[in-house]
Amino acid sequence: MAEPEWTSIFETHATSMSQGDSWCLQFDDSLVPNSPNPYWQQYIKNTGAWFKCTMCGRGWPSNKVMVVFHMQLKNGQGVVKVRRFRQNCKKCNQAPMEKPSITPDNINILMENLVEKIRIKCYNENLDRGSRPFQRLDVNNPHEPTHCEACMNGICTQENRM
């Protein structure tokens with residue numbers, strides 16, 4: 001799903017934060033997991049998505065698609081930076097890393113969980129709900145760590161650590 005749809009879904013969920021602050025979503029493929037800038041908070045979550053190889057056209061589903069969020073609230077302005085980790089085709093030699101295609105339902109779930117984390121980490125709210133699980137895809141093959149950018153960065157199994 002394209003970035004404007006992510007932004008629209010985020011803005012819809014961000015209205016539930018009634019503190020009057022303004023929040024925006026920015027995509028940043030240079031975010032480094034577990035190294036947020038000073039005064040920034042981190043949230044890591046996985047979801048399900050489809051990938052499509054731009055070399056051969058092969059598509060594959062994955063339930064190990066990591067998304068890293070870094071967020072900060074300063075002077076009434078909140079910023080969330082997001083990085084969606086990529087995978088590449090196991091059939092093609094030197095295949096490029098492909099961005100995930102995440103369904104609107106799973107983006108909604110990601111944004112709902114993200115806003116809850118913002119409320120906990122930036123507003124110190126005491127919320128005792130667990131994260132809503134994503135809609136799993138029917139995956140017939142095992143996860144391929146050598147084709148997963150999140151595995152290469154050592155975060156593929158770090159969901160909910162921060």
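Let's start at His 13: leaving aside its neighbours within four places in sequence, this residue is in contact with Asn 108, Met 111, Glu 112 and Val 115, where contact means heavy atoms within 4.5 Å. The model you are looking at is predicted, with pLDDT of at least 70 needed for local features and 80 or more for side-chain atom pairs, while totals for chains, interfaces and linings use all residues. Residues are numbered from 1 along each chain as its sequence is written, and side-chain values use heavy atoms, with hydrogens and water left out.

His 13 sits in helix α1; helices here are DSSP runs of H or I of at least four residues, strands are runs of E of at least two, and both are numbered from the N terminus. Is His 13 buried or exposed? With 18% relative accessibility, His 13 counts as buried, since buried means under 20% relative accessible area, exposed over 50%, and partly exposed in between, using a 1.4 Å probe and protein chains only.

The axes of α1 and α2 come within 9 Å and cross at roughly 45° (axes are lines fitted to C-alpha atoms, for helices over the stretch in contact, and angles run from 0 to 180 degrees between N-to-C directions). On the α1 side, the contact is made by Trp 6, Ile 9, Phe 10, His 13 and Ala 14, and residues from α2 include Pro 104, Ile 107, Leu 110 and Ile 118.

Which residues touch the most other members of the largest nonpolar core? Of its 30 residues, they are Phe 10, Trp 23, Phe 69, Val 80, Met 111, Leu 114 and Ile 118. A nonpolar core is a set of buried Ala, Val, Leu, Ile, Met, Phe, Trp, Tyr and Cys residues joined through side-chain atoms within 4.5 Å. Two or more residues come from each of α1 (3-14), β1 (22-27), β2 (41-52), β3 (59-74), β4 (77-84) and α2, and α2 gives the most, with six. Apart from this core lies another, of eight residues, among them Ile 44, Val 68, Cys 148 and Cys 156.

Next, take a look at His 147, in the loop between α2 (104-121) and α3 (149-152). His 147 has 18% relative accessibility and so counts as buried. Its side chain makes a polar contact of 2.7 Å with the side chain of Asn 88; such a contact is a pair of N or O atoms within 3.5 Å, and within protein one must be able to donate a hydrogen and the other to accept it, with residues adjacent in sequence counting only if both atoms are side-chain atoms. Glu 149, in helix α3, is also buried, with a relative accessible area of 9%. Beyond four places in sequence, Glu 149 is in contact with Arg 83, Arg 84, Phe 85, Arg 86 and Met 97.

Most residues other than glycine have a negative phi. Tyr 39, in the loop between β1 and β2, has a positive phi near 70° and is exposed at 74% relative accessible area. Gln 94, in the loop between β4 and α2, has a positive phi near 55° and is exposed at 72%.
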